[in-house]
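Please read them with the structure open.

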Amino acid sequence: MKILVTGGAGFIGSAVVRLAVRRGHEVINLDALTYAACLDNVAPVADSPSYSFEQVDIRDAAAVENCIARHAPDAVLHLAAESHVDRSIDAPGVFIETNVKGTYNLLQSARALWERRGRPETFRFLHVSTDEVFGSLPADPSVKFTETTPYNPRSPYSASKASSDHLVRAWHETYGLPVLLTNCSNNYGPYHFPEKLIPVIILGALAGKPLPIYGDGSNVRDWLYVEDHADALLTVLQNGQPGRSYNIGGENERTNLELVRTLCGILDRLRPRADGRPYAGQITFVSDRPGHDARYAIDPSRIREELGWRPSVTVEEGLERTVQWYLSNEDWWRALQDRDGVGRRLGTGEAGA
Ligand SMILES: NC(=O)c1ccc[n+]([C@@H]2O[C@H](COP(=O)([O-])OP(=O)(O)OC[C@H]3O[C@@H](n4cnc5c(N)ncnc54)[C@H](O)[C@@H]3O)[C@@H](O)[C@H]2O)c1
């Protein structure tokens with residue numbers, strides 16, 4: 001299949017690109033190369049004749065149209081987005097432009113291609129979204145997000161993703177475009193940009209810095225290993241039913257504090273501190289994120305029962321692999337630590353409009 005992947009130089013997009021090329025697909029990686037991108041993420045497949053790269057900003061409708069018309073893909077797998085909640089609190093405008101307007105531009109160009117080709121039933125537009133569109137869950141472990149949970153986004157990021165989800169559904173209902181949607185939980189794994197919680201903790205621990213935990217650390221997330229997620233996305237792309245959405249979770253709920261303590265324990269074994277003291281001693285509680293959602297948890301019944309997909313690793317296995325990857329790839333993360341905003345506390349709500 002010829003797949004145009006947007007955001008393929010980012011964290012999840014690059015995992016999708018690597019897996020899709022390895023599985024024999026032809027992949028066009030469309031990415032604007034924002035602060036969050038790194039072409040080294042796709043270096044393992046960049047020399048493949050099945051891989052090509054297009055530097056395109058999805059906010060630019062003409063450039064998107066030109067790229068999609070030229071490559072005429074069989075499927076668009078849309079991951080390009082502004083993705084960091086803290087940045088959306090400080091500067092929401094670009095989240096609306098990229099996540100909402102950019103998705104609209106892609107839908108229009110994909111629709112034009114699909115109509116020119118005679119509306120093939122096999123065409124797919126897979127939109128990758130987040131469980132954050134559903135809002136915040138109570139602590140009761142029996143309550144989880146299903147595909148029919150009402151939308152209740154509470155941050156500029158999740159509101160922009162919810163808006164894009166609505167556009168994608170509307171293009172299916174109104175024009176018949178064969179779309180698929182996925183809403184996934186928090187991803188982690190190799191190539192995770194160093195502003196997100198797990199790399200912040202690993203790299204902060206190694207540097208002997210305080211390990212910041214927002215609030216009291218009781219916020220619960222359902223952790224999904226990024227390579228499992230990439231596999232789930234290709235499963236949905238190939239076997240999902242057009243017009244349908246699929247929740248993708250890791251079946252690994254942990255509080256942020258539990259997660260950070262697990263990471264500290266892995267580091268204590270793999271790279272003990274010079275003074276022999278536990279890394280957990282570096283944990284520091286900091287002021288909470290404004291509007292911080294208490295709990296996210298995915299009910300993965302639909303993707304499991306209809307498509308036979310489930311995650312392959314537990315969070316302990318995935319975190320061990322992730323820590324090992326960061327310990328072995330210092331050149332990768334050192335080069336990203338100078339990027340704008342990395343290493344600074346963002347999203348306190350004090351940055352102004
Ligand atoms: N990371 C998670 O835990 C998570 C969870 C749920 C959903 N998602 C969704 O998955 C997708 C990928 O997330 P990620 O964590 O890999 O993000 P990321 O920030 O690591 O990567 C985003 C990529 O999109 C590109 N991009 C941004 N703006 C663009 C523009 N205007 N035009 C073209 N390219 C642009 C960036 O250059 C970058 O390569 C996003 O849509 C995100 O909302 C992520």
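1. Is tryptophan 309 buried or exposed? In this predicted model, tryptophan 309 is buried, because 21 other C-beta atoms lie within 10 Å and the cut-off for burial is 20 or more. Tryptophan 309 sits in the loop between α9 (301-307) and α10. Leaving out residues up to four places away in sequence, tryptophan 309 touches Ala232, Thr235, Ile303 and Arg304. Aspartate 231 is 78 residues from tryptophan 309 in sequence, yet their C-alpha atoms are 8.7 Å apart.

2. Helix α10 also takes part in a helix pair. Helix α8 (residues 256-270) packs with helix α10 (residues 315-328) at an angle of about 55°, and their axes are 10 Å apart. At that angle α8 is oblique to α10. The crossing of α8 and α10 is right-handed. On the α8 side the contact is made by Thr262, Leu263, Ile266, Leu267 and Leu270, and on the α10 side by Glu316, Leu319, Glu320, Val323, Gln324 and Leu327. Seven residues of this contact between α8 and α10 are nonpolar, two are polar and two are charged.

3. In soluble globular proteins, nonpolar side chains tend to be buried together. Here the largest nonpolar core has 89 residues, and those touching the most other members are Val5, Val16, Leu77, Leu126, Ile202, Leu233 and Leu263. The helix that gives the most to this core is α1 (residues 11-22), with seven residues. Leu263 is also one of the α8 residues in the contact with α10.

4. What does valine 5 contact, leaving aside its neighbours within four places in sequence? The partners of valine 5 are Gly13, Val16, Val17, Val27, Asn29, Leu30, Leu77 and Leu79. Val16 and Leu77, both among these partners, are also listed with valine 5 among the core residues that touch the most other members.

5. Alanine 20 is placed in helix α1. Alanine 20 counts as buried because it has 26 C-beta neighbours inside 10 Å. Its contacts, apart from neighbours within four places in sequence, are Ile3, His25, Val27 and Leu234. Val27 is also a partner of valine 5. Alanine 20 and serine 109 are 89 residues apart in sequence, and their C-alpha atoms are 22 Å apart in space.

6. Helix α2 (residues 61-71) and α4 pack at an angle of about 35°, with 9 Å between their axes. α2 passes α4 in a right-handed crossing. Ala61, Val64, Glu65, Ile68 and Ala69 of α2 make the contact with Asn105, Leu106, Ser109, Ala110 and Leu113 of α4. The residues of this contact of α2 with α4 comprise seven nonpolar, two polar and one charged.

7. Helix α4 has another partner in α5. The axes of α4 (residues 93-116) and α5 (residues 156-175) come within 8 Å and cross at roughly 15°. That angle makes α4 roughly parallel to α5, and their crossing is right-handed. From α4, the residues Phe95, Ile96, Asn99, Val100, Thr103, Tyr104, Leu107 and Arg111 meet α5 residues that include Pro156, Tyr157, Leu167, Val168, Trp171 and Tyr175. Eleven residues of the contact of α4 with α5 are nonpolar, five are polar and two are charged.

8. Serine 88 belongs to helix α3 (residues 85-90). Serine 88 is buried, because 24 C-beta neighbours lie inside 10 Å. Apart from neighbours within four places in sequence, serine 88 contacts Glu82, Phe95, Ser155, Pro156 and Tyr157. Serine 88 and leucine 346 are 258 residues apart along the chain, while their C-alpha atoms are separated by 9.3 Å.

9. Most residues other than glycine have a negative phi. Arginine 119 is not a glycine but has a positive phi of about 55°. Arginine 119 lies in the loop between α4 and β5 (124-130) and counts as partly exposed, with 13 C-beta neighbours inside 10 Å. Glutamate 251 likewise has a positive phi, near 55°. Glutamate 251 is in the loop between β11 (245-248) and β12 (253-255) and is partly exposed, with 17 other C-beta atoms within 10 Å.

Conventions: Residues numbered from 1 in each chain as written. Predicted model: local features only at pLDDT ≥ 70, side-chain atom pairs only at ≥ 80, totals over all residues. Axes fitted to C-alpha atoms, helices over the stretch in contact; angles between N-to-C directions. Helix = DSSP H or I, 4+ residues; strand = E, 2+ residues; numbered from the N terminus. Parallel < 35°, antiparallel > 145°, perpendicular 65-115°, else oblique. Left-handed = near helix turned anticlockwise from the far one by under 90°. Contact = placed C-beta atoms within 7 Å. Nonpolar A, V, L, I, M, F, W, Y, C, P; charged D, E, K, R; others polar. Core = buried A, V, L, I, M, F, W, Y, C linked by C-beta atoms within 7 Å. Buried ≥ 20, exposed ≤ 12 C-beta atoms within 10 Å, placed from the backbone.
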